[in-house]
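Subject: Handing over a structure

Hello,

Please have a look at the sequence and the model first, then read on.

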Amino acid sequence: MTKLKIGALPDERPVKISIELPASVHRDLIAYANAVTSESGQPISDPGKLIAPMLARFMATDRGFAKLRRAVHSSEASKG
């Protein structure tokens, strides 16, 4: 089986936001939740809980965002 990028969900205090998803993205999210359940054995009762780790993974692997973030942190550190 293919290794998924998202595994077990961390138990962390959430911040609530509301978003709208296209129906096709929601169907894919449900399918992904089923795949995580099959791979990890951890049932995902709410596929929406996958959104945060997916976004975190996306941002962590986006080189352009990482470069921008380093530049901002570097700029802030030089001001302090």
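Below are the notes, taken helix by helix and then for the pocket.

First, some ground rules. This is a predicted model, in which local features need pLDDT of at least 70 and side-chain atom pairs count only at pLDDT 80 or more, while totals for chains, interfaces and linings use all residues. Residues are numbered from 1 along each chain as its sequence is written, and side-chain values use heavy atoms, with hydrogens and water left out.

Let's start with helix α1, residues 23-40. Helices here are DSSP runs of H or I with at least four residues, numbered from the N terminus. The 18 residues of α1 should span 26 Å at 1.5 Å a residue, and this agrees with its end C-alpha atoms, which are 26 Å apart. (The expected span is 1.5 Å times one less than the number of residues.)

Which residues of α1 are buried? They are Leu-29, Ala-33 and Val-36. Seen down the axis of α1, the buried residues fall within an arc of 65 degrees, so they line one face of the helix; the arc is that of the directions from the helix axis to the C-beta atoms. Arg-27, Asp-28 and Ser-38 are exposed on the other side of α1. Buried means under 20% relative accessible area, exposed over 50%, and partly exposed in between, with a 1.4 Å probe and protein chains only. Arg-27 counts as exposed because its relative accessibility is 52%. Its C-alpha lies 9.7 Å from that of Pro-47, 20 residues away in sequence.

Next comes the loop between α1 and α2, where you will find Ile-44 and Ser-45. Ile-44 is buried, at 13% relative accessible area, whereas Ser-45 is exposed, at 76%. Between the C-alpha atoms of Ile-44 and Asn-34 there are 7.3 Å; between those of Ser-45 and Ala-77 there are 42 Å.

Helix α3 has 17 residues, 63-79, which should span 24 Å at 1.5 Å a residue; its end C-alpha atoms are 25 Å apart, which agrees. Asp-62 caps the N-terminal end of α3, with a side-chain oxygen 3.0 Å from the backbone nitrogen of Gly-64.

Finally, the largest pocket has a volume of about 890 Å³. Of the 21 residues that line this pocket, Pro-14, Val-15, Gly-48, Lys-49 and Ala-52 are the closest to its centre. (A pocket is an open set of points on a 1 Å grid where a 1.4 Å probe fits, with protein on both sides within 12 Å along at least five of seven lines; lining residues have an atom within 4 Å of a point.) The largest share of the lining, four residues, comes from α2. Twelve lining residues are nonpolar, three polar and six charged.

Enjoy exploring!

Key: Helices (H or I, at least four residues) and strands (E, at least two) are DSSP runs, numbered from the N terminus. A polar contact is a pair of N or O atoms within 3.5 Å; within protein, one must be able to donate a hydrogen and the other to accept it, and residues adjacent in sequence count only if both atoms are side-chain atoms. Grid points are joined across faces, edges and corners, and a volume is the space filled by probe spheres set on the points. Ala, Val, Leu, Ile, Met, Phe, Trp, Tyr, Cys and Pro count as nonpolar, Asp, Glu, Lys and Arg as charged, and the others, Gly among them, as polar.
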